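Please read them with the structure open.

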Amino acid sequence: MSPDPSIPPEEAAPDSRLGRRIALAVLLGLGVYIAMALWTDISGIGAAIAEVPLWAPAAACSLSLLNYAVRFPRWQRYLTITGSSVRGWASARIYLAGLSLTVSPGKVGEAMKSWLLRDADGTPIARSAPIVLAERVTDLLGFLVLIAISSSGTEHLWITLATVGLSLAVLVIVASRRAGELIVRTARRFPPAIAHRAERIEETLEASRKLLAPRELPFATALAACGWFLECVGCWLIARSVLPAIATAAGAPAIPELSLMAVTYAFAVAAVAGAIVVIAPGGLGVTEGLLASLLEGGYRTAGVAVGAARSKALAVTLVTRLCTLWFAMGVGLIALQLHRRLQRK
């Protein structure tokens, strides 16, 4: 689709930068994973990855797809609130296309959906961009629900408190009309390059207020918690698949650190930590490091030697991220290309 000449260059869809951003994300991911492998034991990690049966990542990818399906009604509800007329298959394509830039700081790259919406039905970007903010806030709240359900103590309490604080700060700023008016008045005092956008900022704040209204939060948070729990299950299946045979033999005692609830806690805490460290695109490095650390204790309890336990934990973490973060990017790229092709027709 050729760009609309009536649209200012700064508001054109960031298609020209998409390939560069994806390449940068992949290179950054490879750099992080190579560094982690060198810190541990490359040969040990390779051997641990080889232990993962094919059915485990296949099941994890399937659960990731189901996660997207579970959270899709939230996206559709947000479209209704913002006044977009996009529905059905076109809505699903745009929703999934946003995953192509999921490896971006705070996942703000998913705001590309706003450009696709504008091209599809003319929905102003200022009105649809807050959808990404609402999705991130309710995702964090969903993870907090999972942490509350699966937690067995106060370990990593700072992560939970930081997330609660961040979420509350966003909700208070969005809900407060005084804060919104102050932001708009301040914007009008800036040079013309910013001042002329004051009305759009006001429209964005009003849309955010509707999306994050108290009556909308329970539904959106429940969908987020259910959807992300499916990815926790995927991580658990992968983690269990490489347990020593003696640990999974009939009559063997259960390993509390590798139970579904324990892995759910580890996955949720690691995901939240990666989200609140917004400078880490997709939580790269932060999420992997914390998840691997939490899983390692479970393998030690199962009787695995320290070095091997670390290799297994990191291998499981890398396979899990392949089936969640990087799988999401792949699905997003396929959806984006399909959407573009159908739009041209």
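Predicted model: local features only at pLDDT ≥ 70, side-chain atom pairs only at ≥ 80, totals over all residues.

1. Which residues form one aromatic cluster? They are Phe72, Trp75 and Tyr95.

2. One of the pairs joins Trp75 and Tyr95, whose ring centres are 6.0 Å apart with 35° between the planes. The arrangement is tilted, because planes under 30 degrees apart would count as stacked and those over 60 as edge-to-face.

3. Where do the two partners sit? Trp75 belongs to helix H3, residues 55–82, and Tyr95 to helix H4, residues 88–97. The pair therefore ties together parts that lie 20 residues apart in sequence.

4. Are Trp75 and Tyr95 buried or exposed? Trp75 has a relative accessible area of 1% and is buried. Tyr95, at 9%, is buried as well. Both calls follow from the cut-off, since buried means under 20% relative accessible area.

5. A separate matter is a helix pair. Two packed helices are described by the angle between their axes and the distance between the axes. For H7 (residues 130–150) and H14 (residues 260–276), the axes come within 9 Å and cross at roughly 145°. The crossing of H7 and H14 is left-handed.

6. Which residues meet where H7 and H14 are in contact? From H7 come Leu140, Phe143, Leu146, Ile147, Ile149 and Ser150. Their counterparts in H14 include Met261, Tyr265, Phe267, Val269 and Val272. Sorted by class, this contact has 13 nonpolar residues, two polar ones and no charged ones.

Technical notes:
Residues numbered from 1 in each chain as written. Heavy atoms only, no water. Phe/Tyr/Trp six-rings, centres within 6.5 Å; stacked < 30°, edge-to-face > 60°. Helix = DSSP H or I, 4+ residues; strand = E, 2+ residues; numbered from the N terminus. Buried < 20%, exposed > 50% of the residue type's maximum accessible area, 1.4 Å probe, protein only. Axes fitted to C-alpha atoms, helices over the stretch in contact; angles between N-to-C directions. Left-handed = near helix turned anticlockwise from the far one by under 90°. Contact = heavy atoms within 4.5 Å. Nonpolar A, V, L, I, M, F, W, Y, C, P; charged D, E, K, R; others polar.
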